[in-house]
Amino acid sequence: MNSLLITNGRVIDPATDLDATQDLLILDGKIAALGAEARHKAPPDFQSIDAKNCVVCPGLIDSHVHLREPGQSAKETIATGTKAAAHGGFTSVLCMPNTTPAIDSPATVVLVREKAEKEALVNVYITGAITKAIAGEELAPIGSLKNSGIVAITDDGHCVQNNELMRRAMEYARMFDLQVLDHCQDYSLVSDGVMHEGYYSTELGLRGWPALGEEVIVARNILLAELTGTHIHCQHLSSAKSVRLIREAKERGIPISGEACPHHFTLTDAAIAGSEAFWEADGEILARAFPKSHPLPVWPSYDTNFKMNPPLRTHHDREALIEGLADGTIEIIGSDHAPHPDYLKEVEFDYAPFGITGLETELALSLMQLYHTGKMTLPQILDKLTVQPAKLLRLEKGTLGIGADGDVTIFDPEFRWIYKKEGSVSKSLNSPFHLWPMRGKARATIVAGKVVWNDLAG
């Protein structure tokens, strides 16, 4: 019998309102006992982890990850991406379908699933495309995709512009009990923008990307959700008005939800203008993130590691995202882990691809911006990283209840460290947080009772 006893940790399980210092026992990949019973039920040859000064919680779930396989293995692979997830404390990830070819057929779903079974360190769940080739012109075979094992549909990386087509996709998704996730972007409004339309886009001479380009699609989705009765989840929200629209829609009982990424509730568009402007425009963020004794990293202007989709927005938008997370308007935190190799990012800002890595910094940034600032409690943050993504995707995950899967994350919320891209296990190093002092770190990751990452001895 495979057994693992985790001792002396602060066990937090938002699904059961548990928050207490006690032991936890995993037997044969399942949660077997908590508290005094855990040590009593442990077999003689049990493996043990001492989680003193750490939090023990259900395995973290990231509902927005690009693993890049098939076809883009120069950027990331299932093996390297899930290794980064494990180092970040994530036991389950949801991979996006904008691969090459796109995950728009049962054959591609089977390919990804079989590769994950052989190479993944953590649980990999799969999304299928809404439209064929993610081209927004013809629906993908949604029923066949569901039968092959997907848990949701999305054209992430793209957005269905045809409202009638999106309506039919939502109706089909409801028939097959699939969740619909949407990358909210109106191409006619965004056009060829590369950063948030505002003061800094004007100062830097870069084409602006108005927040309206997101808000129009969020509003469209609210109307379609109301019409069809199908729940729709708006991915990587970045705009204050998007948060307001979703809050008002939820108050009216419309089935809609939202997700926020750590880079959007940590950074602002001022970062693209360099560290001096970043400090002046948003000093409160840096004062929280950096100890006074630590020298500030120097960000050059036009750093493409700050280029993402949707783009970094204003301090007002950032504060609205945090407020939305705190009051429950936004249910989920996701990384939008989007790896790109250096040779693609080290070009002029206009030509660099959108996206950053995020799996290894997601937990620390969430703790720094939400917990260490007093905006949210640990159980509230963990709810958005465990219970809510499991609920959205209908996964039997996100809890430490007896009999649940033995997926567990152990993290130290006070652990101070410096993120260096050279130490990343992702295949790509396109992070804007290079040299950031972090507070909070995953120390061990356990999947089905197996320790896949352990930094407690280091």
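Helix H13 crosses helix H14 in a right-handed manner, a crossing being right-handed if the near helix is turned clockwise from the far one by less than a right angle, and left-handed if anticlockwise. H13 spans residues 362-371 and H14 residues 378-385, and the two pack at about 140° with their axes 11 Å apart. Helices (H or I, at least four residues) and strands (E, at least two) are DSSP runs numbered from the N terminus. Axes are lines fitted to C-alpha atoms, for helices over the stretch in contact, with angles from 0 to 180 degrees between N-to-C directions. The pair is therefore oblique, the class left after roughly parallel (under 35 degrees), roughly antiparallel (over 145) and roughly perpendicular (65 to 115). On the H14 side, the contact (heavy atoms within 4.5 Å) is made by Leu 378, Ile 381 and Leu 385.

The model is predicted: local features need pLDDT of at least 70 and side-chain atom pairs 80 or more, whereas totals for chains, interfaces and linings use all residues. Residues are numbered from 1 along each chain as its sequence is written, and side-chain values use heavy atoms, without hydrogens and water.

His 196 lies in strand E11, residues 195-196. His 196 is buried at 7% relative accessibility, where buried means under 20% relative accessible area, exposed over 50% and partly exposed in between (1.4 Å probe, protein chains only). Leaving aside residues up to four places away in sequence, its contacts include Trp 209, Asp 269 and Arg 313.

The structure contains zero disulfides, a disulfide being a pair of cysteine sulfur atoms within 2.5 Å.
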